[in-house]
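Biologist: I'm new to this one. Can you walk me through it?

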Amino acid sequence: MHRSGTSMLTGSLQQAGLVLGEVVTEAPHNAKGNREYPAILHMQEELLVASGGSWDRPPAEVRWGVAAPRRARPLHRALPDEPLWGSGSAHAADARGVAQALPSAEFAGIFRHPALVARSLRRRTGLDMDTGLELWRVYNTRLLELHRRHAFPLMEFTTTPRKFGGRWRR
C-alpha cells in the first residue's frame with residue numbers, strides 16, 4: 001500500500017546489499033526516492049490500466065494472462081547479470097503475476113496503521129480519509145492473501161514506540 005513504508009523497506013534492503021539497479025533515488029514526496037525501477041513501475045501501471053484500474057482504483061484482479069512472460073521482460077532486463085536482485089513495489093495486486101513470471105521470486109511485505117496511511121495520502125494527493133482507508137483495506141487484504149500463499153516476512157512501519165513483551169521497540 002502506498003505511504004506504508006515500502007520505500008523505506010526497499011531502501012533498507014538495498015543498504016544491506018540487495019541490488020536494485022538504477023532506481024528512483026529522489027522524488028518530490030520522498031527525499032530518498034521510492035526505490036522503484038522505472039521500467040517495472042511502468043509495467044505495473046500498464047497492468048493496472050489494462051485490468052481496468054489504477055493505483056487509486058485497484059482492479060479486483062490484475063490480468064497478466066498468457067502475456068505474463070512478455071510483461072515480465074522489464075524484470076528480466078532490469079538486472080540480467082545479477083544472481084540476486086530486488087524491486088520495490090507498492091502493488092500487492094500484481095504480485096501473483098510476478099510469482100507466475102518469476103517462480104523463484106521471494107517477497108517481503110510492510111504495512112502501516114490505516115489512519116496514518118489515509119492522512120499521508122490526503123496530504124500528498126488530496127484523497128479524502130474514507131477513500132484512503134478503503135484503499136488501505138483493499139491493498140492490505142491482498143497483502144495478507146499473498147502472505148498466506150507465500151509465507152514471507154511481514155513488518156509494520158511505525159514511528160511510534162510500542163511495548164511488546166515488556167520491551168520497547170520502534
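Modeller: A term to start: helices (H or I, at least four residues) and strands (E, at least two) are DSSP runs, numbered from the N terminus. Just after α2, Gly 52 takes a positive phi of about 85°. This is a predicted model: local features need pLDDT of at least 70, side-chain atom pairs count only at pLDDT 80 or more, and totals for chains, interfaces and linings use all residues. Residues are numbered from 1 along each chain as its sequence is written, and side-chain values use heavy atoms, with hydrogens and water left out.

Biologist: How many helices and strands does the chain have?

Modeller: Seven helices and four strands. Along the sequence the pattern is α-α-α-α-α-β-α-α-β-β-β.

Biologist: Back to α2. Which of its residues are buried?

Modeller: Ile 40, Met 43, Gln 44, Leu 47 and Leu 48. Buried means under 20% relative accessible area, exposed over 50%, partly exposed in between (1.4 Å probe, protein chains only). These residues cover an arc of only 135° around the axis, which puts them on the same side of α2. The arc is that of the directions from the helix axis to the C-beta atoms.

Biologist: And for the whole chain, what percentage counts as buried?

Modeller: 41% of the 170 residues.

Biologist: New topic: the second largest pocket. Which helix gives the largest share of its lining?

Modeller: α6, with five residues. α1 (6–15), α2 and α6 (114–125) each supply at least two.
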